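Dear colleague,

I am passing on the structure below, and my notes on it follow directly after. Please read them with the coordinates open.

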Amino acid sequence: MRSVRIIGPGRAGQALAGALAARGLTVEGPLGKGQWDAAAASGVDALVLAVPDRVVAEVARVLTPVPGTLVVHLAGALGLEVLAPHPRRASLHPLAALPDAPTGIRRLLAGPVCVWDGDPEVRELAEQLGWQA
């Protein structure tokens, strides 16, 4: 995986963007309201929804599905159905507290344990980050 776009400028989105960039991936975002549109899944290998759990499904419905793009959410309490109708979907949840972006980046780069589900390519993303499945 080479390129990732992140929707959600909160602590998780900022920490993940910093960790991915530190691992050499091309990262766009994290993007907040008004910075992305329905075509946000186009032109990247993965689109990560680092938004509050309560709006994951809503954001996913607004996005135009792109067959080759992996759409991932970070919500540990949600299943993959919230990412319908995207054909390639996954969840990835690091077991690490992210109280602020700098601390979150350090913790995500330290190789936390994570859980993932869905499209097997999400495991590649976790491995690129150095996370333990």
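**Surface and overall form**

The protein chain exposes about 6200 Å², of which carbon and sulfur atoms supply 53% (accessible areas come from the Shrake-Rupley method with a 1.4 Å probe, and for residues only the protein chains shown count as cover). This is a predicted model, in which local features need pLDDT of at least 70 and side-chain atom pairs count only at pLDDT 80 or more, while totals for chains, interfaces and linings use all residues. Residues are numbered from 1 along each chain as its sequence is written, and side-chain values use heavy atoms, with hydrogens and water left out.

Of the 133 residues of the protein chain, 46% count as buried, meaning under 20% relative accessible area with a 1.4 Å probe and protein chains only. A compact globule of 133 residues would have a radius of gyration near 14 Å, and because the protein chain has 13 Å, the two agree (the radius is taken over C-alpha atoms, and the globule rule is 2.2 Å times the number of residues to the power 0.38). Among the contacts with a separation of 6 or more, 52% come from residues 24 or more positions apart, a contact being heavy atoms within 4.5 Å.

**Elements and strand pairing**

The protein chain has four helices and six strands, which run β-α-β-β-α-β-β-α-β-α from the N terminus on; helices (H or I, at least four residues) and strands (E, at least two) are DSSP runs, numbered from the N terminus. Strands β4 and β5 pair in the parallel sense over three bridges, whereas β5 and β6 pair in the antiparallel sense over five bridges, where pairing requires that DSSP finds at least two bridges between two strands. Ala90 in β5 stands opposite Val72, and Ala90 also stands opposite Gly118 in β6.

**Helix α4**

The buried residues of helix α4 (residues 121–129) are Val122, Leu125, Ala126 and Leu129. Seen down the axis of α4, these fall within an arc of 100 degrees, so they line one face of the helix (the arc is that of the directions from the helix axis to the C-beta atoms). An α-helix has 3.6 residues a turn, so residues three or four places apart point the same way. The cover over the buried residues of α4 includes β1 (3–7), α1 (11–22), β4 (70–73), β5 (89–94), α3 (101–109) and β6 (114–118). Just after α4, Gly130 takes a positive phi of about 85 degrees.

Key. Buried < 20%, exposed > 50% of the residue type's maximum accessible area, 1.4 Å probe, protein only.
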